[in-house]
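Subject: Handover of a structure, with notes

Dear colleague,

I am passing the structure below on to you, and my notes on it follow. Please read them with the structure open beside you.

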Amino acid sequence: MGERMIYERIALIGLGHIAGSIGLRVRADGTAGEVVGHARTQATREVAVARGLVDRTCATAAEAVAGADLVILCVPVGAMADVAAEIAPHLAPGATVTDVGSVKRAVIEAVTPHIPEGVHFVPSHPMAGTEQSGPESGFPTLFENRWFLMTAEGADADAVERLGRLWRSLGANVDTMDADHHDLVLAVVSHAPHLIAYTMVGVADDLRRVTESEIVQYSATGFRDFTRIAASDPTMWRDIFLNNKEATLEILGRFTEELFALQRAIRTGDGALLHDYFTRTRAIRRGIIEAGQDTAAPDFGRGPKGGDA
């Protein structure tokens, strides 16, 4: 291997936003000798090659993983089991398989039964991304100062260390976390907020008399910022909610209790409670900025290459 090379061949199964961003950065930095990709449609495969996300593509996932020492599953959570079953007989001995799914326990249960003896499965989750999807949306700096969470329970230590080096080479921070704890944390910081955003857009859509005029026309304020994430990929989010039911419902229950308390404060004119609540929550938002996970710039600093954990 070259001085910068971490893997000789990386196979990206699924060529969307996250996979594209990984491929662009890996190829630019030379951390893999070759990046091979697979997507279901020929059109996506052609775009991936044209944009330089991969060196070459394959028509099947089985063909793409042949000879790869790292396989990254970048498909929706609901497709993980079928993909794992397809590639299992073709995985090279000693290879590492990882994923980028936002749910970990369900992915572990779906993929682990298909991993052959001598192949290492190290689940991962990049806390990065935008509301954009598809091979056109990736960019190489997506993971700068973001977090890759790895659920390395029972995994080979050398495989975990090697994969962590790759994630750090993307500019990311790396940590390990128990799968169930990961799913609860993600329900708080990602899954429940997305569902609430989708719901708010749904409420606006129900108000048909204003949806087609005022809400769209005057959305350059809180509604625009709050609902940006509601533009995210529907298939991915359907699978996330179906595969992280328990944690998401727990957090949504707590959210509902907090919302009822605020409703009561507004109804009874309890300004002190509202002021204290907003002061506390504003401090949390400032902490996110101070941690380098967002910016106080206008539009949250999101331009064509903005990111969101």
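In these notes, a residue is called buried when its relative accessible area is under 20%, exposed when it is over 50%, and partly exposed in between, with a 1.4 Å probe and protein chains only. By that rule Trp167 counts as buried, because its relative accessibility is 0%.

Before going further, please keep in mind that this is a predicted model, in which local features need pLDDT of at least 70 and side-chain atom pairs count only at pLDDT 80 or more, while totals for chains, interfaces and linings use all residues. Residues are numbered from 1 along each chain as its sequence is written, and side-chain values use heavy atoms, with hydrogens and water left out.

Aromatic rings

Rings of Phe, Tyr and Trp (its six-membered ring) are taken as a pair if their centres lie within 6.5 Å, and the pair is stacked if the planes are under 30 degrees apart, edge-to-face if over 60, and tilted otherwise. The count by this rule is four aromatic pairs. One of them joins Phe143 and Phe148 in a tilted arrangement, at 5.4 Å centre to centre and with 50° between the planes. Phe148 also pairs with Trp167, and here the rings are stacked, with 4.1 Å between centres and 15° between planes. Since Phe148 belongs to strand β8 (residues 147–150) and Trp167 to helix α6 (residues 157–169), this pair ties together parts that are 19 residues apart in sequence; helices (H or I, at least four residues) and strands (E, at least two) are DSSP runs, numbered from the N terminus. Phe143 is buried, at 0% relative accessibility, and Phe148 is buried with a relative accessible area of 0%.

Around Thr98

Trp167 is also among the residues that Thr98 touches, a list including Leu70, Phe121 and Leu163, where contact leaves out residues up to four places away in sequence and means heavy atoms within 4.5 Å. Thr98 is part of strand β5 (residues 96–99), and it is buried because its relative accessibility is 0%.

Cysteines

The structure holds zero disulfides, a disulfide being a pair of cysteine sulfur atoms within 2.5 Å. Cys58 is buried at 2% relative accessibility, and Cys74 is likewise buried, at 15%.
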